[in-house]
Amino acid sequence: MLVRTSSSLRCSTTPMVRASSRKRVTADFAHRAVFIKWGREVRAAGIAIPIIPGIMPIQTFASFKRRTAFSKTIVPPSLMATLEPIQDDDKKVREVGTKFVADMVRKVLAAGLGIHGVHLCELWTQIGRASCRERVYGE
């Protein structure tokens, strides 16, 4: 699970690598700078296994708040500032969330961490997955 500090992320990854892990699927994250910093620290520590970012959708403001509070996910203040005024409009929250996630995925893929794909977690609807792929890859 992604937690508050990148050093604790590295600590949670290293035992898996020592146990002959062949890949690492990360938990949900919302702050690309924190994730990229963690990825760079992992690579600098000599960990070369594939990292597959786990991406959760932002379907409703309430579910996003619950999930990020439960997992202690660091959320960029700019995202919260964008979501709070529209929190009662699920359609707008999904639109903003999909745009945010697609931008985050593009930047993570371009960060030079050797990450070539992501895992869109099952809460994504077919339309949501297609919309995110279209925004990331221009399909």
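Reader: How accessible is R32?
Author: R32 counts as partly exposed, because its relative accessibility is 27%. (Buried means under 20% relative accessible area, exposed over 50%, partly exposed in between; 1.4 Å probe, protein chains only.)

Reader: What am I looking at?
Author: This is a predicted model: local features need pLDDT of at least 70, side-chain atom pairs pLDDT 80 or more, while totals for chains, interfaces and linings use all residues. Residues are numbered from 1 along each chain as its sequence is written, and side-chain values use heavy atoms, without hydrogens and water.

Reader: What does R32 pair with in a salt bridge?
Author: D103, at 3.1 Å from N to O. (A salt bridge puts a side-chain nitrogen of Lys or Arg within 4 Å of a carboxyl oxygen of Asp or Glu.)

Reader: Why does that pair tie parts together?
Author: R32 lies in helix α2 and D103 in helix α5, so the pair links parts 71 residues apart in sequence. (Helices are DSSP runs of H or I, at least four residues, numbered from the N terminus.)

Reader: What else does D103 meet?
Author: K107, with the closest N and O atoms 3.6 Å apart. Both lie in α5, 4 residues apart, about one turn of the helix. K107 is partly exposed at 38%. R32, D103, R106 and K107 are linked in a network of salt bridges.

Reader: How many salt bridges in the whole structure?
Author: There are 4. One of them joins E41 and K37, at 3.8 Å. Both sit in α2, 4 residues apart. E41 is buried at 19%, whereas K37 is partly exposed at 48%.

Conventions
Helix = DSSP H or I, 4+ residues; strand = E, 2+ residues; numbered from the N terminus.
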